Amino acid sequence: MIRQAINEASETHRSQSYITDDFIMTRATGAFFNSIVEAGRPYRIDDYRCAIVLGGEIHSVVNLVERRIGANTIILLTPGTLVQLQHVTPDFQIFGMASKSDLVHVALGGQLPAAIALHARDYRIAVSKRDVQPVFQLFECIWSLIHSPHFSAEAHRALIAAQLHQYNHLIERGEREANAHQSNERHIFDRFIQLVNCHAATEHRLAYYAHRMCITERYLSTVVKQASGNSAKEWIDRAVITEAKVMLKHSNQPVGQIADALAMPSSSFFCKYFKRLTGLTPQQYRAE
């Protein structure tokens with residue numbers, strides 16, 4: 001999709017992007033970003049993406065939770081992350097890269113830093129202008145190298161590794177600062193959402209998540225409701241429906257196979273469940 005969008009873009013936009021089979025780099029604007037991703041459609045990414053927002057704002061739903069991200073924010077998404085673009089302001093600017101898992105593992109020698117190693121995680125850390133500068137300069141070095149007639153694959157991997165280590169450092173520091181002010185209830189909610197995002201496709205019962213978190217179902221329900229305004233069951237349903245939408249739009253699997261993959265009792269049950277929560281049958285959603 002990204003390759004097609006770049007090929008169909010204006011010469012100006014094409015000159016601001018670079019793409020190979022395992023690596024993409026772009027200096028995207030709001031207009032170009034909107035041409036790559038369809039607003040409202042969920043995508044589950046299978047690569048590592050890190051970027052810095054240089055201006056404007058992006059509104060999206062990432063791993064089921066709404067995010068508004070503005071300038072001087074670093075972003076890291078790991079494989080398995082669910083992303084839904086909602087809105088990008090016209091003045092939005094981003095500078096970043098996406099790397100396939102094999103390239104990242106080779107670049108890091110198989111030793112992934114803590115933030116990089118976790119599946120389906122999204123990090124966004126607002127950083128100071130002082131912290132922005134090294135991140136921006138490393139991206140500039142990578143950009144210069146990939147456009148050099150004397151391109152070195154070894155140097156490319158080394159720069160990718162350096163940037164990922166820098167991101168890990170900033171993320172760990174940011175999370176330590178955030179955790180110092182985060183309530184226990186908020187920590188429980190965040191952990192619940194992380195588990196739901198990873199397991200809701202096949203685990204639909206609240207008991208599963210309470211057991212994983214070593215707390216009672218009643219306490220988990222209370223905390224989730226207080227922290228988010230939505231019930232735990234609503235979050236699980238949201239995750240199941242999002243996963244169903246991904247499979248309906250990005251695969252050719254028959255509805256019956258999707259129902260099986262989502263651990264539904266039957267295809268008929270899945271169709272009624274999907275329509276009750278979206279207002280459309282699976283077939284109608286796929287045809288949109």
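**Pockets, helices and a salt bridge**

Strand 6 (65–70), strand 10 (122–126), helix 7 and helix 8 each supply at least two residues of the lining of the second largest pocket. The model is a predicted one, with local features needing pLDDT of at least 70 and side-chain atom pairs pLDDT 80 or more, while totals for chains, interfaces and linings use all residues. Residues are numbered from 1 along each chain as its sequence is written, and side-chain values use heavy atoms, leaving out hydrogens and water.

Q: What makes a space a pocket, and which residues lie nearest the centre of the second largest pocket?
A: On a 1 Å grid over the protein atoms alone, a pocket is an open set of points with protein on both sides within 12 Å along at least five of seven lines, whereas a cavity is a set where a 1.4 Å probe fits but cannot get out; lining residues have an atom within 4 Å of a point. By that rule 21 residues line the second largest pocket, and R121, R124, E175, Q182 and D190 lie nearest its centre. Its volume is about 680 Å³, a volume being the space filled by probe spheres set on grid points joined across faces, edges and corners.

Q: Which element gives the largest share of the lining of the second largest pocket?
A: Helix 8, with seven residues. Helices (H or I, at least four residues) and strands (E, at least two) are DSSP runs numbered from the N terminus. By class, the lining of this pocket has seven nonpolar, six polar and eight charged residues. Here Ala, Val, Leu, Ile, Met, Phe, Trp, Tyr, Cys and Pro count as nonpolar, Asp, Glu, Lys and Arg as charged, and the others, Gly among them, as polar.

Q: What lines the largest cavity?
A: The lining is made by Y48, R49, C50, L76, M97, S99, V104, I160 and L164. Strand 4 gives the most, with three residues. The volume of this cavity is about 30 Å³.

Q: Why are helix 8 and helix 10 called roughly perpendicular?
A: Helix 8 (residues 184–199) and helix 10 (residues 217–228) pack at about 100°, with axes 9 Å apart. Axes are lines fitted to C-alpha atoms over the stretch in contact, and angles run from 0 to 180 degrees between N-to-C directions. Under 35 degrees counts as roughly parallel, over 145 as roughly antiparallel, 65 to 115 as roughly perpendicular and the rest as oblique. The pair is therefore roughly perpendicular.

Q: What makes E140 and R27 a salt bridge?
A: A salt bridge needs a side-chain nitrogen of Lys or Arg within 4 Å of a carboxyl oxygen of Asp or Glu. The closest N and O atoms of E140 and R27 are 2.7 Å apart, and the pair forms a salt bridge. E140 is in helix 6 (residues 129–146) and R27 in strand 2 (residues 23–29), 113 residues apart.
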